[in-house]
Amino acid sequence: KKDINDIPDKCIVQTKYIKILPDCADLLFSEINKIQISNHKIYILDKFQRLLGIYDMSGKGIGKVGNVGRAPEEYLNLTDFSINKDGNIHIIDGRLDKMNIYDKNLNFITSQKLPFEADIFQCLDDGGYLFGLSSWNKQLNSNDKIVKTDSMLNSSIRFCEYEKGIDPNYWISFYQFLQTEKYIIYNRFFDNNIYLFSKNGKPLKNIHFDFGEKNVPEIALKNIEKKEKMYDHLCCLKNFTIVNDDYLLGYIWDERIDKIFLIDKTAGILYLGEPHPFNKLGNVIGICEEGIISCIYPGDYLTYKKDLQLPEEIKQHLNNEGVVLRLYSFNNKNKSK
């Protein structure tokens with residue numbers, strides 16, 4: 001076990017910066033809740049602003065997906081999005097429990113009613129979907145965590161169920177499906193299992209984290225606000241975990257403190273530390289073909305800029321209140337997949 005800043009410099013390579021340009025009022029976001037880089041475009045979801053913005057690889061705004069409203073092509077609450085292999089953009093509206101589909105040029109195609117309440121989803125290569133269902137779902141597939149459907153949203157396979165007595169009103173983080181070159185990855189807070197699926201939704205592997213005496217007991221999953229003190233001594237996975245043949249990278253909630261970790265499986269080393277936009281890993285927000293995606297917000301930069309070494313054009317962009325994406329990969333032994 002080592003500190004996160006003890007990761008050797010030679011392990012992190014190919015750093016690339018993308019300046020997200022604040023040149024369009026319709027695309028201004030306050031926080032990145034989910035990011036995907038696909039077909040040479042950057043998709044950024046801000047749930048608070050109910051905004052899914054699209055940018056080119058230079059950071060210039062292209063447009064936003066849909067509008068807020070009750071019309072068939074609109075949404076009230078933009079819960080999640082996914083891009084299929086044809087480049088069509090799918091979103092789910094958690095308020096109206098529906099899926100909207102737009103083409104790559106942002107034109108509305110169709111809207112479908114969801115048969116259940118879902119938090120997250122992922123388009124599959126076979127045209128179907130994986131859904132992460134809400135813990136409060138009382139419609140079809142009640143109490144199921146993950147289901148696979150066909151293109152018409154008919155449930156075909158259910159994978160696992162929620163723990164008994166889980167508190168549906170308590171969230172410690174957003175969560176999401178992550179897509180890598182080899183896997184679709186799911187993990188949710190309070191569940192120390194990471195589920196790996198194929199691109200067609202076939203279950204491949206389950207990675208279990210055992211925190212020993214810090215594991216969250218069943219009694220701590222209900223009426224959590226009255227039991228928060230218990231979490232002073234507990235630990236669980238949160239946000240997401242990136243799984244590779246050589247490493248695991250993700251977040252935990254340890255004694256009510258956010259921490260980021262990198263497990264080098266080849267060397268048998270755990271690197272662990274509190275998340276910081278300027279530590280060796282940065283503020284990790286996702287993964288793409290070019291590697292790990294981290295983010296630098298201008299507020300963080302203004303707080304720490306005296307101690308930073310960044311290209312001058314990046315510093316200027318942050319001083320002008322622009323957001324910067326940092327893309328990096330690991331060396332050949334830990335090459336991102």
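Analyst: A charge sits over a ring if NZ of Lys or CZ of Arg is within 6 Å of the ring centre and within 35 degrees of the ring normal. This is a predicted model, in which local features need pLDDT of at least 70 and side-chain atom pairs count only at pLDDT 80 or more, while totals for chains, interfaces and linings use all residues. Residues are numbered from 1 along each chain as its sequence is written, and side-chain values use heavy atoms, with hydrogens and water left out.

User: Over the face of which residue does Lys34 lie?

Analyst: The term defined above applies here. At 4.8 Å from the ring centre, Lys34 lies over the face of Phe81.

User: And at what distance from the ring centre of Phe189 does Arg188 lie?

Analyst: Arg188 also has a place over a ring face, that of Phe189. The distance from the ring centre is 4.2 Å.

User: How many aromatic pairs does a search of the whole structure find?

Analyst: Rings of Phe, Tyr and Trp (its six-membered ring) pair if their centres lie within 6.5 Å. Planes under 30 degrees apart count as stacked, over 60 as edge-to-face and the rest as tilted. The search of the whole structure gives 26 aromatic pairs.

User: What kind of aromatic pair do Tyr186 and Tyr195 form?

Analyst: Their ring centres are 6.0 Å apart, with 50° between the planes. Both Tyr186 and Tyr195 are buried (under 20% relative accessible area, with exposed over 50% and partly exposed in between, for a 1.4 Å probe and protein chains only). One aromatic cluster includes Tyr186 and Tyr195, with Trp136 and Trp253 also among its members. The pair itself is tilted.

User: How many helices and strands are there in the protein?

Analyst: Helices (H or I, at least four residues) and strands (E, at least two) are DSSP runs, numbered from the N terminus. The protein has two helices and 25 strands.

User: What is the radius of gyration of the protein?

Analyst: The radius is taken over C-alpha atoms, and the globule rule is 2.2 Å times the number of residues to the power 0.38. For 337 residues that rule gives 20 Å, and the protein is close to it, so it is as compact as a globular protein of that length. Its radius of gyration is 20 Å.

User: What percentage of the 337 residues are buried?

Analyst: The C-alpha atoms fill a box of roughly 50 × 50 × 40 Å along the principal axes. Of the 337 residues in the protein, the buried share is 54%.

User: Why is strand E24 largely enclosed by the rest of the structure?

Analyst: Strand E24 covers residues 291–296. The strand is largely enclosed because six of its six residues are buried.

User: Which residue in E24 is the bridge partner of Val284?

Analyst: Two strands pair if DSSP finds at least two bridges between them. Strand E23 (residues 283–288) and E24 pair in the antiparallel sense over five bridges, as a hairpin with two residues between them. The partner of Val284 is Ser294.

User: Which residue in E25 stands opposite Ile293?

Analyst: E24 also pairs with strand E25 (residues 323–330), in the antiparallel sense and over five bridges. Opposite Ile293 stands Leu327.

User: Is Gln112 buried or exposed?

Analyst: Gln112 is found in strand E10 (residues 108–113). Its contacts (heavy atoms within 4.5 Å), not counting residues up to four places away in sequence, include Lys98, Tyr129 and Leu153. With a relative accessible area of 15%, Gln112 is buried.
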